[in-house]
Amino acid sequence: MKASKIAYRPVGLVLGAVSGMIAGAAFKQTWKLIEGEGDAPDALDEGRPWRQVLLAAAVQGTIFSVVKAAVERSGAQVTRRFTGTWPA
């Protein structure tokens, strides 16, 4: 196993937690802009229409994916600066 991959493991765990918090906050703010409501619907919210539930899921998935990719990519670049190799 490459040294950069070993060095990236603890960094990756921390970045995963941080990216989840960032994405959650970004989704809450985005949902307020889209629907003007505080809480996004859950798939099991009986009183919410399909359109609203599916829109919330699509927006949440997109935000989480983009934030995760950006945070992981940044972490890999920092790891490369310290170890000299890409952590793949």
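**Salt bridges and the nonpolar core**

In this predicted model, the side chains of Glu 72 and Lys 68 form a salt bridge with a nitrogen-to-oxygen distance of 3.2 Å, the term denoting a side-chain nitrogen of Lys or Arg within 4 Å of a carboxyl oxygen of Asp or Glu. Both Glu 72 and Lys 68 belong to helix α2, where they are four residues apart, about one turn of the helix; helices here are DSSP runs (H or I, at least four residues), numbered from the N terminus. An α-helix has 3.6 residues a turn, so residues three or four places apart point the same way. Glu 72 is partly exposed at a relative accessible area of 37%, and Lys 68 is partly exposed at 45%, where buried means under 20% relative accessible area, exposed over 50%, and partly exposed in between (1.4 Å probe, protein chains only). Residues are numbered from 1 along each chain as its sequence is written. Because the model is predicted, local features need pLDDT of at least 70 and side-chain atom pairs count only at pLDDT 80 or more, while totals for chains, interfaces and linings use all residues; side-chain values use heavy atoms, with hydrogens and water left out.

The search of the whole structure gave two salt bridges, and the other pair consists of Arg 51 and Glu 35, whose side chains meet at 3.3 Å, N to O. This pair links distant parts of the chain, since Arg 51 lies in helix α2 (residues 50–83) and Glu 35 in helix α1 (residues 3–35), 16 residues apart. Arg 51 counts as exposed at 53% relative accessibility, whereas Glu 35 is partly exposed at 23%.

Gln 52, also in helix α2, is buried, with a relative accessible area of 6%. Leaving aside neighbours within four places in sequence, Gln 52 is in contact (heavy atoms within 4.5 Å) with Trp 31, Glu 35, Glu 37 and Pro 41.

The largest nonpolar core has ten residues, among them Tyr 8, Phe 27, Trp 31, Val 59 and Ile 63; such a core is a set of buried Ala, Val, Leu, Ile, Met, Phe, Trp, Tyr and Cys residues joined through side-chain atoms within 4.5 Å. The elements that contribute two or more residues to this core are α1 and α2. Phe 27 touches Ala 40, Ala 56, Val 59, Gln 60 and Ile 63, when residues up to four places away in sequence are not counted.
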